[in-house]
Amino acid sequence: MFVDLIAKKRDGLNLSPVEIREVINSYTHGAIPDYQMAAFLMAAYLNGLTDEETIEMSLAMAESGEKIDLDFLGEKAVDKHSTGGVGDKTTLVLLPLVAACGIKVCKISGRALGHTGGTIDKLEAIPGFRTSLTIKEAIEQVNKIGIAVFEATADLAPADKKI
């Protein structure tokens, strides 16, 4: 039962890879209500996750749906992920500069992140700028102009969005 996994993490015990996968898969498929997942996440936050639990949870979230194969980027490719903060001081400036230097960039960004909105919200304020790309369109755009900044599709790691 999921309540037992909440209690286990609440009590500071470690979860097995199978248990972590159960948490992510069950919640993603609607078998666990939001309030129970919130309780689990609070227990995980208060007691921490081991490196192994963190890795397993990250993999389970990534594997909860479709994934993008970025091998097409080749040897010269970069990834940029936010560490938090406000203002999009990095993505909107750095990524076009990196692409202009010939390094391909394929960036999935979020929306409604805090009081300033997310990168996607800002980009959509530009008339004609489209951020709802399919994975195929994003790959084509990167191959054509060296960069794509877009929002995740509903099928791309749905656990990440749901959590």
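Contact is taken here to mean heavy atoms within 4.5 Å. By this criterion, residues 24 or more positions apart account for 68% of the contacts in the chain with a separation of 6 or more. The structure is a predicted model, in which local features need pLDDT of at least 70 and side-chain atom pairs count only at pLDDT 80 or more, whereas totals for chains, interfaces and linings use all residues. Residues are numbered from 1 along each chain as its sequence is written, and side-chain values use heavy atoms, with hydrogens and water left out.

Secondary structure was assigned from DSSP runs, numbered from the N terminus, with helices (H or I) of at least four residues and strands (E) of at least two. The chain contains eight helices and three strands. Along the sequence these elements follow the pattern α-α-α-α-β-α-β-α-α-β-α. Burial was classified by relative accessible area, computed with a 1.4 Å probe and protein chains only: buried means under 20%, exposed means over 50%, and partly exposed lies in between. Of the 163 residues of the chain, 34% count as buried. Accessible areas come from the Shrake-Rupley method with a 1.4 Å probe, and for residues only the protein chains shown count as cover. The chain exposes about 10000 Å², of which carbon and sulfur atoms supply 58%.

Nonpolar cores were defined as sets of buried Ala, Val, Leu, Ile, Met, Phe, Trp, Tyr and Cys residues joined through side-chain atoms within 4.5 Å. The largest such core has 15 residues, and those with the most contacts inside it are F2, V23, I24, M37, F40 and M57. At least two residues of this core are supplied by each of helix 1 (2-10), helix 2 (17-28), helix 3 (34-47) and helix 4 (51-62). Helix 2 provides the largest share, four residues. Leaving aside neighbours within four places in sequence, F40 is in contact with F2, L5, I6, K9, L15, V23 and M57. Another core, of 10 residues, lies apart from the largest one and has L73, C106, L133 and V142 among its members.

On the surface, M42, Y45 and L46 form a nonpolar patch with about 420 Å² of accessible area together. M42 is located in helix 3. Patches are made of residues with over 30% relative accessible area and no salt bridge; like charges are joined within 9 Å, and nonpolar side chains (Val, Leu, Ile, Met, Phe, Trp, Tyr) within 5 Å.

A salt bridge was counted where a side-chain nitrogen of Lys or Arg lies within 4 Å of a carboxyl oxygen of Asp or Glu. Side chains of opposite charge can pair when their charged atoms come close. A search of the whole structure finds seven salt bridges. In one of them the side chains of E53 and K9 meet, with an N to O distance of 3.0 Å. This pair links distant parts of the chain, as E53 belongs to helix 4 and K9 to helix 1, 44 residues apart. E53 is buried at a relative accessible area of 2%, and K9 is likewise buried at 1%. A further salt bridge joins D11 and R10, whose closest N and O atoms are 2.9 Å apart. Here D11 is partly exposed at 49% relative accessibility, while R10 is exposed at 52%.

The side chains of R21 and E63 also meet in a salt bridge (2.6 Å, N to O). Because R21 lies in helix 2 and E63 in the loop between helix 4 and strand 1, this pair ties together parts that are 42 residues apart in sequence. Both R21, at 23% relative accessibility, and E63, at 39%, are partly exposed. Salt bridges that share partners join R21, E56 and E63 into one network.

The loop between helix 4 and strand 1 (77-78) also holds S64, a residue buried at 14% relative accessible area. Polar contacts were defined as pairs of N or O atoms within 3.5 Å; within protein, one atom must be able to donate a hydrogen and the other to accept it, and residues adjacent in sequence count only if both atoms are side-chain atoms. The side chain of S64 reaches the backbone oxygen of M61 at 2.7 Å. A polar atom of the S64 side chain also lies 3.0 Å from the backbone nitrogen of A159. Leaving aside neighbours within four places in sequence, S64 is in contact with T28, A157, P158 and A159. A157 is found in the loop between strand 3 (147-151) and helix 8 (158-162). This residue is buried, with a relative accessible area of 16%, and A157 has a positive phi of about 45° although it is not a glycine.
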